Amino acid sequence: MHAGLLGIEELNRAGIEAILARAKDFQPMQSQTVKKLDTLRGKMIVNLFYEASTRTRTSFEIAAKRLGADAVSITASGSSVSKGESLVDTLNTLAAMRPDAIVMRHAASGAPHFLARHLPTPIINAGDGTHEHPTQALLDARTILDRASHLEGLRVAIIGDIAHSRVARSNVFLLSKFGVDIVLCGPASLLPKELAQLAPGVRLTTDIREAIKDADVIMMLRVQLERQHEASFPASEYFRFYGLRLEHLDLARPDAIVMHPGPINRGRELSSEVADFQRSVILNQVENGIAVRMAVLEKVIG
Amino acid sequence: MSIVIKNGRVIDPASQTDRVADVLIVDGLIAGVAPNLSSSHAEVFDATGMIVAPGFIDMHVHLREPGFEHAENIESGSRAAAAGGFTSVCCMPNTKPVNDSVTVTSYIVERARRNAVVNVFPIGAITKGSAGEELSAIGGMKEAGAVAISDDGLPVMNARVMRRAMEFAKSYGLPIIQHCEDLNLSAGGDMHEGAASVRWGLRGIPAAAEDVMVARDLVLAQLTGARYHVAHISTRNAAAMVAFARRQGLPVSSEVTPHHFALADTDMVAYDSNYKMKPPLRACGDREAVTEALVAGAITAIATDHAPHAGSEKMQEFERCPFGIIGLETAIGLALEHLVHTGKLTLARMVELFTTGPDSVMRLGRGTLATGTPGDVTVFNTDLVWTYDVNQSPSRSRNSPFDGHTFRGGPMATVVGGKLVWRRDGA
């Protein structure tokens, strides 16, 4: 078994609970004046980002630094990648510099899994194509658990471009392991029927109202135009049929929260009013991202 | 020069022979099949306990020469064929340059004459550059040695071009072989569209991409009367449509690869490019359907679609890796494992799928042990336990999902034109 973190699918419930519990320990730190530990002092983490990312990369960098580790960030455009070096060669080069972990984002699904078969260095998946984004699902679970005592029995609606969403897949894998009732919703061309087989407890609907009904958690996804290779849905109609508006929230549970992995597009997948809504926890998600990634880095390297 | 293959169980479906006998080859031609044959100067191969069959024909391989010799060439590919028990291979035209002209066809024929250890028959391109637009020099390529036409790797998307190609192929007496894939439906796909592709976040190639092209082509085959052959059939619907067309009496045939009856998408190792090919490994139901179609006689040939790619090309992100796997050396072992040992097919039926089946499409005048025909013989065994080590392959490429797989039964010796070109160590 590879020592890194490639996905949620291969984790078990106890492993997830341990990370979430450890992340909770790190939460108070985020608001202290001195935010630094020395748990990982002397350790080196390479952030290798083959795709544009602001929040995830920054979040991993801050998490590493708060644990006392050194972090180096490399983006594809400024490296030998643009000189035509293959992924394997780039990673072998980096591995030869003996980092303690490589945090990697890549546009190709499975790129970190492929590399993990050929590299000794632990790899933490920071998002691979349309496959998994494990730390996002962990921080989402941490955010839900900050408001609910447990995940079991909750109803979670995930709405948007499910087909191209690694956030959706990782959340489905995680929530299903805890007995959550999951509804996936989007236009049919972005909601392949095989999604129902991803994990137990998953239902599909193309009707946003049905998805939101009695939901405890509403996760909105960004429409990933950059991953769509065709017109899967008329862009002009998206907000009208799949955008979340305030009036929808009446269908959900009274204390339902609204989540979004960011970056948000106001007026496309959710209205501006919803984004600023008091039960929108989008910024809590960002904050929890650091605590969760500290827990993951500590587990992988510590 | 003569060779006698002694004491094997001779299975020759064309003459309905299945008995222990000797096979004598003199001056490159079959001289007789009977017990206790001998010839004073003949080399002797003792085939006791083995099956002796007409030389196996692989009607669908990629030898990569000219143009991609780093992955394979005619010599190395032919040695892999011999090691797999094949005495004849038909090579697809997606070389560089594409085999769309008399010049390239003649080049392949000449290189094969000098370097190949098995018979090599070129397949010419349907269209210039396999671009799907302008018909290539079909008649000239036939005179130079082409035995069929195909744009394999690419389908002919334009139905009008396909119609004209069928008409030309018919007038030259050539079969037309189609790689059935609607490129609009398959665009960007890397594996079969199904539960596994959705789980792994990989873009899918729906079974419908094959089905719609087969349906269109069968209608055109009916219109033109051309001899039409579906390459590497992989879906339940396509197999059913080919069976239907054959019942209607159309001159239609199809082949299946060993990997499509041996594996389904659920057998893939995630993101391992040794499981990436076109058509992709399909759903379990498709795999069952093509196996049933083989048993029922609707699919009449097994062909490997041997597709070598250099290691560096397969050592990439899954979506960047080229399609295709090598398959010459594992074909007999997989056919025995999945078709014969399971009781689905008799040995004689399996031999047909490698001999008379492909020969009825390609009309090479081979695939039998009739006296006076070319002295091509495949000797194999049904119970030898052996493990495939791809690093020992004579192929220049290593892209096989069956590396390390243990087989029960496999090729033992390969005789081409009366010459023993390969024998298993110790056989």
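This is a predicted model: local features need pLDDT of at least 70, side-chain atom pairs count only at pLDDT 80 or more; totals for chains, interfaces and linings use all residues.
Residues are numbered from 1 along each chain as its sequence is written, while chains are lettered from A, and ligands numbered from 1, in the order in which they are written. Local features need pLDDT of at least 70 and side-chain atom pairs count only at pLDDT 80 or more, whereas totals for chains, interfaces and linings use all residues.

**View 1. Chain A as a whole.** The secondary structure of chain A comes to 10 helices and 9 strands. Helices (H or I, at least four residues) and strands (E, at least two) are DSSP runs, numbered from the N terminus. Taken along the principal axes, the C-alpha atoms of chain A fill a box of roughly 55 × 45 × 35 Å. A compact globule with 302 residues would have a radius of gyration near 19 Å, and chain A agrees, with 19 Å. The radius of gyration is taken over C-alpha atoms, and the globule rule is 2.2 Å times the number of residues to the power 0.38. Of the 302 residues of chain A, 49% count as buried. A residue is buried if 20 or more other C-beta atoms lie within 10 Å of its own, exposed if 12 or fewer, and partly exposed in between, with C-beta atoms placed from the backbone. Of the contacts in chain A with a separation of 6 or more, 75% are between residues 24 or more positions apart. Two residues are in contact if their C-beta atoms, placed from the backbone, lie within 7 Å.

**View 2. The two domains of chain A.** Domain 1 of chain A covers 13–132 + 289–301, and domain 2 covers 148–280. These bounds come from an automatic or database domain assignment. The centres of the two domains of chain A, taken over C-alpha atoms, are separated by 27 Å. Domain 1 of chain A puts 9 residues into the contact and domain 2 of chain A puts in 10 residues. On the domain 1 side, the elements giving two or more residues are α1 (13–26) and β4 of chain A. That side divides into 1 nonpolar, 4 polar and 4 charged residues. Ala, Val, Leu, Ile, Met, Phe, Trp, Tyr, Cys and Pro count as nonpolar, Asp, Glu, Lys and Arg as charged, and the others, Gly among them, as polar.

**View 3. Helix α2 of chain A.** Helix α2(A) has 12 residues (55–66) and should span 16 Å at 1.5 Å a residue; its end C-alpha atoms are 16 Å apart, which agrees. The expected span is 1.5 Å times one less than the number of residues in the helix. Its buried residues are T56(A), R57(A), S59(A), F60(A), A63(A), A64(A) and R66(A). They pack against the strands β1 (44–49), β2 (70–75), β3 (101–106) and β4 (123–128), and against helix α10, of chain A. After α2(A) comes G68(A), with a positive phi near 85 degrees.

**View 4. Helix α10 of chain A.** The 20 residues of α10(A) (282–301) should span 28 Å at 1.5 Å a residue, and the 29 Å between its end C-alpha atoms agrees with this. At N288(A) the helix α10(A) bends by about 30 degrees. The bend is the angle between axes fitted to the seven residues ending at a residue and the seven starting there. Because 14 of its 20 residues are buried, α10(A) is largely enclosed by the rest of the structure.

**View 5. Where chain A meets chain B.** Here 20 residues of chain A are in contact with 17 residues of chain B. On the chain A side, α3 (87–96), α4 (111–116) and α6 (166–177) each supply at least two residues. The largest share of that side, 3 residues, comes from α4(A). By class, the chain A side has 8 nonpolar, 9 polar and 3 charged residues.

View 6. Chain B has 14 helices and 18 strands. Its C-alpha trace spans about 65 × 45 × 45 Å along the principal axes, and buried residues make up 60% of its 427 residues. Domain 1 of chain B covers 2–51 + 374–385 + 407–423, and domain 2 covers 54–362. The C-alpha centres of these domains of chain B lie 28 Å apart. Their contact takes 20 residues from domain 1 of chain B and 23 residues from domain 2 of chain B. On the domain 1 side, β17(B) gives the most, with 7 residues.
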